[in-house]
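Take a walk through this structure with the sequence at hand.

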Amino acid sequence: MFESINNILVAIDDFVWGVPLIVLILATGLFLTIRLRGLQFHKLILAFKYMFKNESEGKEGEVSSFAALCTSLSATIGTGNIVGACGAILIGGPGAIFWMWVIAFFGMATIYAEAVLAQETRIVNADGSVDG
């Protein structure tokens, strides 16, 4: 009995984590890129300006913009993605790099939309703590 349940779960797993998921992720990124009018292109210079703004003006704060970016990237990228990229190159060859760049380009719009939704739906409590 458990083997038949396991076979069903493996079949579902193989279907979900196969081509349909890749198409869904790429389609979502493409949709958000179009809907946000190519945010990856037209806000790039502004992003670099804000990233180095505190350092150039001599303003001090708890965390600089660059330090906040590095912290965010470390949480987003992580060791698993580095190992995953090495594995993809090992298995897929040099062509895997191109497809990782394509997916990452459209993924920028996806992570932007995720971050905006996180900020829009957060709740600030009376004691100053944040939920969401």
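Start at the largest pocket: H8 gives the largest share of its lining, 8 residues. Helices here are DSSP runs (H or I, at least four residues), numbered from the N terminus. The model is predicted, so local features need pLDDT of at least 70 and side-chain atom pairs count only at pLDDT 80 or more, while totals for chains, interfaces and linings use all residues. Residues are numbered from 1 along each chain as its sequence is written, and side-chain values use heavy atoms, with hydrogens and water left out.

The largest pocket has a volume of about 1,200 Å³. Its lining has 25 residues, and the closest to its centre are Ala-47, Leu-69, Met-108, Ile-111 and Tyr-112. A pocket, on a 1 Å grid over the protein atoms alone, is an open set of points where a 1.4 Å probe fits, with protein on both sides within 12 Å along at least five of seven lines; lining residues have an atom within 4 Å of a point. The volume is the space filled by probe spheres set on the points, which are joined across faces, edges and corners. Helix H3 (39-42), H4, helix H6 (65-76) and H8 each supply at least two residues of this lining. By class, the lining of the largest pocket has 16 nonpolar, 7 polar and 2 charged residues. Ala, Val, Leu, Ile, Met, Phe, Trp, Tyr, Cys and Pro count as nonpolar; Asp, Glu, Lys and Arg are charged; the others, Gly among them, are polar.

Now turn to the second largest pocket. About 350 Å³ of space lies in it. Helix H7 (78-92) and H8 are the elements that give two or more residues to its lining. H8 supplies the largest share here, 5 residues. Among the lining residues are Asn-81, Trp-99 and Ile-103. The lining of the second largest pocket has 7 nonpolar residues, 1 polar and no charged.

Next, see how H8 meets H2. The axes of helix H2 (residues 19-35) and helix H8 (residues 95-120) come within 8 Å and cross at roughly 65 degrees. Axes are lines fitted to C-alpha atoms, for helices over the stretch in contact, and angles run from 0 to 180 degrees between N-to-C directions. The crossing is left-handed, that is, the near helix is turned anticlockwise from the far one by less than a right angle. From H2, the residues that meet H8 include Leu-26, Leu-30 and Thr-33; on the H8 side, Phe-106 and Ala-109 are among the partners. The residues of this contact divide into 8 nonpolar, 4 polar and no charged.

Stay with Thr-33, which lies in H2. Is Thr-33 buried or exposed? Thr-33 is buried, because its relative accessible area is 10%; buried means under 20%, exposed over 50%, and partly exposed in between (1.4 Å probe, protein chains only). Not counting residues up to four places away in sequence, Thr-33 touches Gly-38, Gln-40, Phe-106 and Ala-109, with contact meaning heavy atoms within 4.5 Å. The C-alpha atoms of Thr-33 and Tyr-112 are separated by 10.0 Å. These two residues are 79 residues apart along the chain.

The loop between H2 and H3 holds Arg-37. Arg-37 is exposed, at 67% relative accessible area. Its phi is near 55 degrees, a positive value in a residue other than glycine. Most residues other than glycine have a negative phi.

End at Met-51, in helix H4 (residues 44-51). Met-51 counts as buried, at 12% relative accessibility. Leaving aside neighbours within four places in sequence, Met-51 is in contact with Ser-65, Phe-66 and Leu-69.
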